[in-house]
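Look at the sequence and the coordinates before reading on.

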Amino acid sequence: MRTVSIVGIGTGNPEHITVQAIRVLGEADAVFMMDKGEVTRDLLEYRQAICDRYITSPSCRIVTAADPERDRTAAAYRPAVADWRAHRAEVYERLISAELGDGQNGVFLAWGDPAIYDSTVHVLDEVLARGSVSFDLCMVPGISSIQALAAQHKISLTRTGRPVHLTTGRLAAQGLPGCADDVAVMLDAGGALASLDGAGLDVYWGAYLGSADEILISGPAGEVTQQITAARQAAREQRGWIMDTYLLRRRDST
Ligand SMILES: C[S@@+](CC[C@H](N)C(=O)[O-])C[C@H]1O[C@@H](n2cnc3c(N)ncnc32)[C@H](O)[C@@H]1O
């Protein structure tokens, strides 16, 4: 039987990887890297740096495949994502059957932690459901961008005995849940933070967390939101892409 592992690789710092991940990479016969195109070439380079640093077997193959693009113009979000996943499943299925023999180990690299807003496990579940290739599926956790965010700001995401709400920019833009005093937001394409009523909120924001280009800003939302928006826009223009995340914390909650 083949083994296919999803390995969390952190979000920019090659030291944000677990000992388990290093072992699994060391045992890999093939590592699959998805190429999302020229704009995000440095993300592929980061993956390559992880492989150069942690893959020890000279016979391990690094196989790069073009990542099918999601239709971002589609009116309906969920069908567009389902369609994109199906295309990815075809690519993953082809990679596994072409590159892994019986008893061999393959690795898909997942940004941050594979259990947080990452579709790799859903795609591999879909490959298994299609039934034309079989494998044992394993998952190795990684340091997520929200963990890196908390560490860099030297805060805890949770306050004593309270919950934290994890959401996307698209949902946060519709308003924060009334009962949520601590909200971690990922996948904000740019508008959500600026559109929120910041009264009574502190924000802890970070971009390119873990990397040499990391940017951190924190303070009362009313005071720092404009600064974040400007920093975000400038960084995006300079680099061609941005990944940022933030925690919103209600100041006067009981
Ligand atoms: C598709 S999700 C992947 C999340 C990833 N699995 C994790 O655990 O961080 C991508 C989102 O994660 C956040 N993100 C990922 N890497 C980041 C980084 N280095 N700095 C700040 N935010 C990051 C951003 O909100 C981005 O839109």
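Phe108 lies in strand E4 (residues 105–110); helices (H or I, at least four residues) and strands (E, at least two) are DSSP runs, numbered from the N terminus. Phe108 is buried, with a relative accessible area of 2%. Buried means under 20% relative accessible area, exposed over 50%, and partly exposed in between, with a 1.4 Å probe and protein chains only.

This is a predicted model, where local features need pLDDT of at least 70, side-chain atom pairs count only at pLDDT 80 or more, and totals for chains, interfaces and linings use all residues. Residues are numbered from 1 along each chain as its sequence is written, and side-chain values use heavy atoms, with hydrogens and water left out.

**Phe108**

- Phe108 touches Val4, Ser5, Ile6, Val7, Phe32, Tyr92, Leu95, Ile96, Thr120 and Leu124, leaving out residues up to four places away in sequence. Contact means heavy atoms within 4.5 Å.
- Phe108 and Thr168 are 60 residues apart in sequence. In space, their C-alpha atoms are 24 Å apart.

**Nonpolar cores**

- The largest nonpolar core has 43 residues. A nonpolar core is a set of buried Ala, Val, Leu, Ile, Met, Phe, Trp, Tyr and Cys residues joined through side-chain atoms within 4.5 Å.
- Within this core, Leu25, Val31, Val203 and Leu248 touch the most other members.
- Helix H2 (residues 41–54) supplies the largest share of this core, 6 residues.
- Apart from this core lies another, of 21 residues, among them Phe32, Met34, Ile96 and Phe108.
- Val203 touches Leu193, Ile217, Ser218, Gly219, Ala221, Val224, Ile228, Tyr246, Leu247 and Leu248, again not counting residues up to four places away in sequence.
- In soluble globular proteins, nonpolar side chains tend to be buried together.

**Ligand shell**

- The ligand is surrounded by 17 residues. A residue is near a molecule if one of its heavy atoms lies within 4 Å of it.
- The closest are Trp111, Ile116, Ser144, Ser145 and Asp244.
- By class, the shell has 9 nonpolar, 6 polar and 2 charged residues. Ala, Val, Leu, Ile, Met, Phe, Trp, Tyr, Cys and Pro count as nonpolar, Asp, Glu, Lys and Arg as charged, and the others, Gly among them, as polar.
- Strand E8 (201–207) and strand E10 (244–250) each give the shell at least two residues.

**Ligand atoms and cover**

- A ligand nitrogen atom is 2.9 Å from a polar backbone atom of Thr11.
- A ligand oxygen atom is 2.8 Å from an N or O atom in the side chain of Ser144.
- A ligand oxygen atom is 2.9 Å from a polar backbone atom of Leu187.
- On its own, the ligand has 570 Å² of accessible area, and the protein covers 89% of that. Accessible areas come from the Shrake-Rupley method with a 1.4 Å probe.

**Ser145**

- Ser145 is found in helix H5 (residues 145–153).
- Ser145 has a relative accessible area of 15%, so this residue counts as buried.
- Ser145 is in contact with Thr11, Met186, Leu209 and Thr245, leaving aside neighbours within four places in sequence.

**Positive phi**

- Most residues other than glycine have a negative phi.
- Tyr117 has a positive phi, near 45°. Its place is in the loop between E4 and helix H4 (120–130). At 41% relative accessibility, Tyr117 is partly exposed.
- Tyr208 has a positive phi of about 50°. Tyr208 lies in the loop between E8 and strand E9 (215–220). Tyr208 is buried, with a relative accessible area of 6%.

Terms used: Polar contact = N/O pair within 3.5 Å; in protein donor to acceptor, adjacent residues only side chain to side chain.
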